[in-house]
Amino acid sequence: MRTTTRRAVLGTGIAIAGSGLLTACSGSSNHAGRDTKPSSAPGGDYVSPNDREVADAEAKRNPGPERKVKLTAARTRLDLGGRTVSTWAYGDRLPGREVRVTAGDTLALTLANHLPEPTSVHWHGLALRNDMDGVPDLTQRPIKAGASFEYRFAVPHPGTHWFHPHSGVQQDRGLYAPLIVEDPREPLRYDKEWVVVLDDWVDGVDGSTPDAVLAELSQGMGDMDHGGHDSHGTSGMSASGEKSPSPGASGPSRMLMGSHSDLLGEDAGDVAYPYYLVNGRTAEAPESFRAKPGDRIRIRIVNAGGDTAFRVALGGHEMTVTHTDGFPIEHATTDALLLGMGERYDVLVTARDGVFPLVALAEGKKKTAMALLRTGGGSAPKPSVRPAELSGKVLTADRLKADKSVRLSERKPDRTVKLRLTGGMAKYDWGFDGKRYDPSQRHPVRAGERVRLVFTNTTTMWHPVHLHGHTFALAGGGPRKDTAIVLPDETLTVDFDADNPGLWMVHCHNVYHAEAGMMTVLGYRR
């Protein structure tokens, strides 16, 4: 089933060709396919993606050696671990093959679209040039089915990042992959590195697709609202907490009710996913990462989910948190971490001897994903294992401090942008300030300003808000991030320096909330 979404009406997409991913160094440049002009250029009083200010900002980054990558987005079949599904993915693997570069490099990635519709690639967490940000009809034209496009930009900062489409709900298929930017002056010392990508999965299961899920959610819930300040009724629900299918519905309902979380509130999500994955595998057939007892392991954790926060713990181990969203923090120890959609954390662990579960609990949804750390003999734990660490100390971003090397300087804001998070499940009318996304809307800023963003959540659901092209700082010397959780009925205040001209999206990183309308644009005035 396919439904027309708000961004599809505007013409969204980018596609990727080829069947795999190839990386190489090169000193040459290829500007083929560099027509990035959006179909409706903003112009006027605002810096547009193709303006000189964007090119000048890129030149100041002093782009370094070129890293060439070829990538394909195509329909494929994937084995999740005993369950094979038809989906869309980068190549024939899940997650897509990792892209790894060094800070200062120039990434030149050619995306060829073998999908049946347009697609795009957004580079989540990168402060890159605006015309390469991958938002169709805002920063570039959609990439049509059968077409290809070269993304070419300087990669300024090290860190754990990822990439995914910014076209409809394509991200909730298999179209995502990690992007690791190495630090040429890496201060951490460790023996091994483990990249862990978390996901919630519905595509291709019993006829479900993300488009069908969005279509169901968009019908709303009437008096069964669980997003605004109305009742939390449970009529029409199955014992599992899923809404009963409507008469004539094709396949099972995926609407979720009753997803309570002590960390996130009464409503932890909208979607009842059949599977939760670590590196593309279910808990019944988990990935194993091998190391030696005593190895110091850096684990880079990415939440690529569409509608699920994960509580993550490694059984039998304490974790030392070193980074969030790519930026270093003052090291902090914990038993478990909470990651909203789009968030990333880096941790260090010292491996013990044996077989240990890395478990990602789908917060409020009563299911888990799992991978294994193997350093010796022993049998694997059961898929249903819940290590004690999940119930121990849980670290959240508001309890962290930025490392002094990346802490924002003390400065009063030159401008404050206030955004109210609005909407609910009754009408599925998520938005900012009571309005759904309109790509012509602008919240003005000027280059050189210290900008304060104030997110006031008037809904009874939590939202992971994401800012493109910048990182912000949480209050009181808090961590540098690009994605942060706003809890129900609470306010999040963050500051950032306006140092990257262009048109930049701010949105909820719940893919269904965003596509329903919880997106807006910050625009640099000329």
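In the predicted model, Trp123 has Phe163 of strand E8 as its bridge partner. Strand E6 pairs with E8 (residues 159-164) in the antiparallel sense, over three bridges. Both strands belong to an open sheet of four strands, ordered E4-E9-E8-E6, with mixed pairing. Its edges are formed by E4 (99-102) and E6 (122-124), each of which pairs on one side only. From one strand to the next, the twist averages 25°.

Trp123 is also a member of the largest nonpolar core, which comprises 103 residues; together with Ile299, Phe455 and Tyr512, Trp123 touches the most other members. Strand E19 (residues 355-362) contributes the largest share of this core, four residues. A separate core of 16 residues lies apart from it and includes Leu264, Ala336, Met370 and Leu390. With neighbours within four places in sequence left aside, Tyr512 is in contact with Val169, Asp172, Pro210, Val213, Leu214, Leu217, Val271, Tyr273, Asp307 and Tyr428.

Helix H2 spans residues 52-60, and its residues Val54, Ala57 and Glu58 are buried. Viewed down the axis of H2, the buried residues fall within an arc of 100° and therefore line one face of the helix. In an α-helix, residues three or four places apart point the same way because there are 3.6 residues a turn. Strand E7 (148-154) is among the elements that cover the buried residues of H2. Arg52, Ala59 and Lys60, on the other side of H2, are exposed. After H2 comes Asn62, with a positive phi near 55°.

Key
Residues are numbered from 1 along each chain as its sequence is written. This is a predicted model: local features need pLDDT of at least 70, side-chain atom pairs count only at pLDDT 80 or more; totals for chains, interfaces and linings use all residues. Side-chain values use heavy atoms; hydrogens and water are left out. Buried means under 20% relative accessible area, exposed over 50%, partly exposed in between (1.4 Å probe, protein chains only). Helices (H or I, at least four residues) and strands (E, at least two) are DSSP runs, numbered from the N terminus. The arc is that of the directions from the helix axis to the C-beta atoms. Contact means heavy atoms within 4.5 Å. A nonpolar core is a set of buried Ala, Val, Leu, Ile, Met, Phe, Trp, Tyr and Cys residues joined through side-chain atoms within 4.5 Å. Two strands pair if DSSP finds at least two bridges between them. Axes are lines fitted to C-alpha atoms, for helices over the stretch in contact, and angles run from 0 to 180 degrees between N-to-C directions.
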